[in-house]
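User: Could you take a close look at a single part of this model, the sheet, and explain with care how its strands are arranged and what lies across them?

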Amino acid sequence: MSTARFTLDPAFTVGEVAPRLFGSFVEHLGRCVYTGLYEPGHPTADAEGLRTDVLDLVRELGVTAVRYPGGNFVSGYKWEDSVGPAAERPHRLDLAWHSTETNRFGLSEYIGFLRKIGPQAEPMMAVNLGTRGVAEALELQEYANHPSGTALSDLRAAHGDKEPFGIRLWCLGNEMDGPWQTGHKTAEEYGRVAAETARAMRQLDPRVELVACGSSSQSMPTFAEWEATVLAETYDLVDYISLHAYYWPEDGDIDSFLASAVDMESFIDNVVATADHVGARLKSKKRINLSFDEWNVWYLREWEEHAKGLEQGDWPQAPRLLEDNYSVTDAVVFGSLLIALLRHADRVTVACLAQLVNVIAPILTEPGGPAWRQTTFFPFAQASRYGRGTVLDVRVDSPTYETRKHGTTDLLHATAVRAEDGTVTVFAVNRGRTDALPLQVALHGLELTSVVEHSVLADADPDARNTLADPERVAPHPAEGTALTDGTLTATLEPLSWNVIRLA
């Protein structure tokens, strides 16, 4: 096997990693909230009904911004249902996921959950622009953020939350380009209501940061035209345009699946080009950044087949939905998607792994039982811990392989992050399924002398998973033979592997 190579030099950088790049997503969908985060009566539940075993894993995962309450759910969301005494909150039918929502976990509980994760956790609240609009968004903003002295801020205090929630980051709806969305709109219709809402929210608080809905995927027939139209209406009023992308092995094509980040990086580059074109056309000096606020491996076709069989008269509470159990192969692709986000840290400054618990999530739980780490837990936790600092510009010279969907593709996918203390972490994926990949990295001007750790997530069985019966089947293990000599790092990347190499 030929050797993969790249050079690291502190003079050549991409940008600083924003903490919000390691965000996640909690939607009222399936068991993400109920028997996921929140399960009163569970042996580990605290006084507020939050599962402390899950809280411990969320802290270990290292999530920052947490997007809430949806997702598709938000397009039918009445924020008033989620406040006040929990026992008095109404049950509602949720059209998005054909379920009954009890509202027992609501806005105050969400903020309380974030506070228990730690100071790095930040709310990222979505407003309903599907079935509602400007007035309701302003009411929610006033209830959540105004200190006191108005009907809604005093109502919040009467509900037990004297201090405002301080929500700074807001999503202006969700996937409004999608015909599956309740209240789906054309780009012109959405651009107008998003601009009106943004303008009003800024009148209430000029410091808010706002995310306009971009395309639900790069494959949408209106992609790019949607972004251009929406940004033409909102460019000076918003801070971010959103991207959503999910990947799975279509038709069993594992080689293309392993190269999913090729599509993700193309998606990012195309949205950046579109946003910058609109800015140039408007002669604006402002730069729109990207919020990749839904991304993951999701076996979407399995959900679509399941949805066809749903009984239309059945509206269950917190059913088991989208509980994908991830393999080693899935974790390698997932790690490659993280690398793609880091490689674009100059423009992707918010990203949310969808979702946090049970629903296509890195954490699984059993009602009344344990919580455990999926294979995808480990790449995210390692990237969140060691991927803070400045992303170095990595241009790989790699052996290639052929894919049906993406053409000729590098076997190596990699990036590197330099921390404030000068240490460097290399994140690398070997997409090759059968052969190890030799790696050489030339280090220029970095004053690094030792390998602190080379951690690998790989397995002889690429389908290995962590399950209720065997929750620790897959975990990272140390690599052998990795060395740093005379300014050159040498390593061997196992077949189908996620690698974290820490240098000091």
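Analyst: The part in question is an open sheet of seven strands, in the order S2-S15-S18-S19-S25-S21-S22, and the pairing is antiparallel. Strands here are DSSP runs of E with at least two residues, helices are runs of H or I with at least four residues, and both are numbered from the N terminus; two strands pair if DSSP finds at least two bridges between them. Strand S2 (13-16) and strand S22 (477-478) stand at the edges, and because each has a single partner strand, one side of each is left without a neighbour in the sheet.

This is a predicted model, in which local features need pLDDT of at least 70 and side-chain atom pairs count only at pLDDT 80 or more, while totals for chains, interfaces and linings use all residues. Residues are numbered from 1 along each chain as its sequence is written, and side-chain values use heavy atoms, with hydrogens and water left out.

Within the sheet, strand S19 (residues 424-430) pairs with strand S25 (residues 497-503) in the antiparallel sense over seven bridges, and one of these joins valine 424 to its bridge partner in S25, leucine 503. In general, the strands of a sheet pair through backbone hydrogen bonds, either parallel or antiparallel.

Across S2, strand S15 (390-392), strand S18 (412-418), S19, strand S21 (451-457) and S25 lies helix H10 (residues 328-343), which runs at about 50° to S18. For such an angle, axes are lines fitted to C-alpha atoms, for helices over the stretch in contact (heavy atoms within 4.5 Å), and the angle runs from 0 to 180 degrees between N-to-C directions.
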